Amino acid sequence: MRVYVPIAVEDLGHCLSGTWEPRSGYALTPTLLDISASDDDELLAEQVRDAAAADAVLELGASRRAVVAVDYPRADVQQVVGEHPAAVTLTGRVRADAVACAFVDEPEAEVDGREAAKGDRDALARLEERDLLWYDVSEIGDLATS
């Protein structure tokens, strides 16, 4: 099951270590699919990814939105009832070969990221207008140092 996990940019290198154990993320859950007006799985996946990206700044306090897409065994993913319809809890370590890619804000988004992390809704709206940049697994290690 594809899960979108919010992460701080400086922690991206750890996601490939084989010891990373995130506790939460976002996925195309049955609840989300039931309530969605869209049947376009690709569009829904983008919305789920964007919810994870917002959590990177709002919950983790990161200065840039960053999300790692991970292929999890379904048994290790449980939907969180009463939260966002795509919210899930995760168990187990992430194998390096289970990481599919990362999505990260460009460095210029950092000012808005810091302000959004402090509760500035206008800064969050500006972040949400930006496109997240896609990175292949082979590029993730370099992102942690940028």
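This is a predicted model: local features need pLDDT of at least 70, side-chain atom pairs count only at pLDDT 80 or more; totals for chains, interfaces and linings use all residues.
**Confidence**

- Confidence is highest in strand E1, which covers residues 2-6, where the value reaches 98.
- At the other end of the range, helix H5 (residues 137-143) has the lowest confidence in the protein, with a mean of 88.

- As a general point, the strands of a sheet pair through backbone hydrogen bonds, in either a parallel or an antiparallel manner.

**Strand E6 and its two partners**

- Strand E6, made up of residues 99-104, is mostly covered, since five of its six residues are buried.
- On one side, E6 pairs with strand E3 (residues 66-71) in the antiparallel sense, and five bridges join the two.
- Within that pairing, Ala69 has Cys101 of E6 as its bridge partner, while Ala66 stands opposite Val104 in E6.
- E6 also runs antiparallel to strand E7 (residues 133-136), to which four bridges join it.
- Val104 takes part here too, with Leu133 in E7 as its bridge partner.

**The largest pocket**

- The lining of the largest pocket consists of 14 residues, and those that lie nearest its centre are Val5, Pro6, Ile7, Pro22 and Leu60.
- Sorted by class, this lining of the largest pocket holds eight nonpolar, two polar and four charged residues.

**The second largest pocket**

- The second largest pocket contains about 150 Å³ of space.
- Its lining is formed by Ser24, Gly25, Tyr26, Asp55, Val80, Glu83, His84, Ala87, Val88 and Thr89.
- Two strands, E2 (24-27) and E5 (87-90), each contribute at least two residues to the lining of the second largest pocket.
- By class, the lining of the second largest pocket comprises four nonpolar, four polar and two charged residues.

Definitions and conventions:
Residues are numbered from 1 along each chain as its sequence is written. Side-chain values use heavy atoms; hydrogens and water are left out. pLDDT is the predictor's confidence in each residue, from 0 to 100. Buried means under 20% relative accessible area, exposed over 50%, partly exposed in between (1.4 Å probe, protein chains only). Two strands pair if DSSP finds at least two bridges between them. On a 1 Å grid over the protein atoms alone, a cavity is a set of points where a 1.4 Å probe fits but cannot get out, and a pocket is an open set with protein on both sides within 12 Å along at least five of seven lines; lining residues have an atom within 4 Å of a point. Ala, Val, Leu, Ile, Met, Phe, Trp, Tyr, Cys and Pro count as nonpolar, Asp, Glu, Lys and Arg as charged, and the others, Gly among them, as polar. Grid points are joined across faces, edges and corners, and a volume is the space filled by probe spheres set on the points.
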